[in-house]
Amino acid sequence: MPSLSEAFRGHPAYLHQKHPDFNSLQELPDSYAWTQHDHEYDHHDQNSCRGDQTVPVIDLNDPNAPKVIGHACKTWGVFQVVNHGIPMSLFSDIQRAGQTLFSLPLHQKLKAARSPDGVCGYGCARMSSFFPKLMWSECFTILESPVDHFLQLWPHDYAKYCEIVVQYEEAMKKLAGKVMWLMLTSLGISKEDLKWAGPRGEFNGACAALHLNSYPSCPDPDRAMGLAPHTDSTLLTILYQNNVSGLQVLREGAGWVTVPPLPEALVINVGDLLHILSNGLYPSVLHRVLVNRTRQRFSVAYLYGPPTNVQISPHVKLIGPSRPALYRPMTWNEYLDTKAKHFNKALSYVQLCASINSLFDNNTVQVG
């Protein structure tokens with residue numbers, strides 16, 4: 001079975017940019033100045049940013065959690081969870097490790113730079129090559145073990161930072177499996193219905209990547225972009241964010257809606273693979289990150305997907321004569337290949353049917 005690292009390596013992002021020292025920039029370089037013409041979605045049009053819309057916040061101890069999660073997935077594609085069982089001390093630890101990393105001098109961080117055909121290590125967002133402007137952010141990606149890169153950054157202290165990452169990944173894997181089953185339950189899918197989840201439904205073969213993200217304070221935040229609009233090529237993504245706002249999701253009829261940092265809450269968003277598995281019932285959510293003039297934003301994204309050799313397709317329980325399969329089967333590796341070529345249009349390139357709305361009737365498809 002190919003590893004997730006090999007899958008990403010097979011689809012390199014050819015980034016021809018130097019790594020800037022953000023702390024030394026007193027003005028926004030033209031290469032970082034975005035306008036609404038630099039991508040197909042409006043940029044900082046304040047009329048498009050709604051303050052009266054609220055992303056659902058769901059208590060995982062609620063007996064009705066599957067139903068509430070199903071509704072959130074169908075109508076938002078994103079929600080926040082509380083009572084997830086992860087101690088706040090672990091978030092403090094991973095934030096401290098990340099901020100220690102990003103505060104290192106640039107020449108030190110570059111010792112752990114991502115290779116041109118790689119995915120692990122320090123660098124900029126892999127999707128940068130799809131946009132004419134650069135993004136005001138830096139990231140550090142971890143697949144499997146961070147030991148080799150952490151040795152370059154902290155020759156004497158690498159072990160304690162590795163231990164923090166291992167603990168965080170273990171907690172995220174457990175939570176991702178729990179949330180995944182709540183989502184599947186809301187669709188009427190049981191453990192017996194999903195063979196690749198394993199006999200106990202533990203998703204032992206699931207793959208994941210960890211992204212540490214830094215969005216430094218910016219001299220001209222109204223013209224900058226921390227992370228451009230995109231969907232995730234995952235089943236789901238779990239995001240921890242510090243107390244600096246910036247994440248926004250695009251909701252039909254409402255425009256861009258801010259996902260505010262809430263104490264002890266985690267953000268869960270639907271990825272493209274769950275969009276496919278749900279036969280379009282749970283749409284992957286388009287999201288972006290804006291930056292702040294005086295404060296650094298920090299986040300950790302846990303990108304969760306199936307084993308790389310498992311084909312994901314609309315589940316048999318969600319298709320029938322009145323609602324045919326909308327997407328062709330494909331592995332995560334194959335989808336990454338499509339995403340690398342077509343980016344945000346990737347789903348349309350694996351679509352079998354032209355229209356989703358005309359095929360689904362809310363009176364015949366019960367969700368949650």
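**Close-up views of a predicted model**

View A. If neighbours within four places in sequence are left aside, His287 is in contact with Ala228, Pro229, His230, Thr231, Asp232, Leu247, Gln248, Val249, Trp256 and Asn269. His287 itself belongs to strand E12, which covers residues 287–289. Because buried means under 20% relative accessible area, His287, with a relative accessibility of 9%, counts as buried. A polar atom of the His287 side chain lies 3.0 Å from the backbone oxygen of Val285.

**View B. The packing of helix H2 with helix H6.** Helix H2, made of residues 65–75, packs with helix H6, made of residues 158–186, at an angle of about 80°, and their axes are 8 Å apart. Angles of 65 to 115 degrees count as roughly perpendicular, and H2 and H6 are therefore roughly perpendicular to each other. On the H2 side, Ala65, Pro66, Ile69, Gly70 and Cys73 take part, and they meet Leu182, Met183, Thr185 and Ser186 in H6. Sorted by class, this contact of H2 with H6 has six nonpolar residues, three polar residues and no charged residues.

**View C. Phe79 and the largest nonpolar core.** The largest nonpolar core has 77 residues, and those with the most contacts inside it are Phe79, Phe140, Phe150 and Met183. Helix H6 gives the largest share of this core, with 15 residues. When neighbours within four places in sequence are left aside, the residues in contact with Phe79 include Ile69, Ala72, Cys73, Val179 and Met183, as well as Leu266, Val267 and Ile268. Another core, of 38 residues, lies apart from the largest one, and among its residues are Leu28, Val78, Met135 and Ala254.

Key:
Residues numbered from 1 in each chain as written. Predicted model: local features only at pLDDT ≥ 70, side-chain atom pairs only at ≥ 80, totals over all residues. Heavy atoms only, no water. Axes fitted to C-alpha atoms, helices over the stretch in contact; angles between N-to-C directions. Helix = DSSP H or I, 4+ residues; strand = E, 2+ residues; numbered from the N terminus. Parallel < 35°, antiparallel > 145°, perpendicular 65-115°, else oblique. Contact = heavy atoms within 4.5 Å. Nonpolar A, V, L, I, M, F, W, Y, C, P; charged D, E, K, R; others polar. Core = buried A, V, L, I, M, F, W, Y, C linked by side-chain atoms within 4.5 Å. Buried < 20%, exposed > 50% of the residue type's maximum accessible area, 1.4 Å probe, protein only. Polar contact = N/O pair within 3.5 Å; in protein donor to acceptor, adjacent residues only side chain to side chain.
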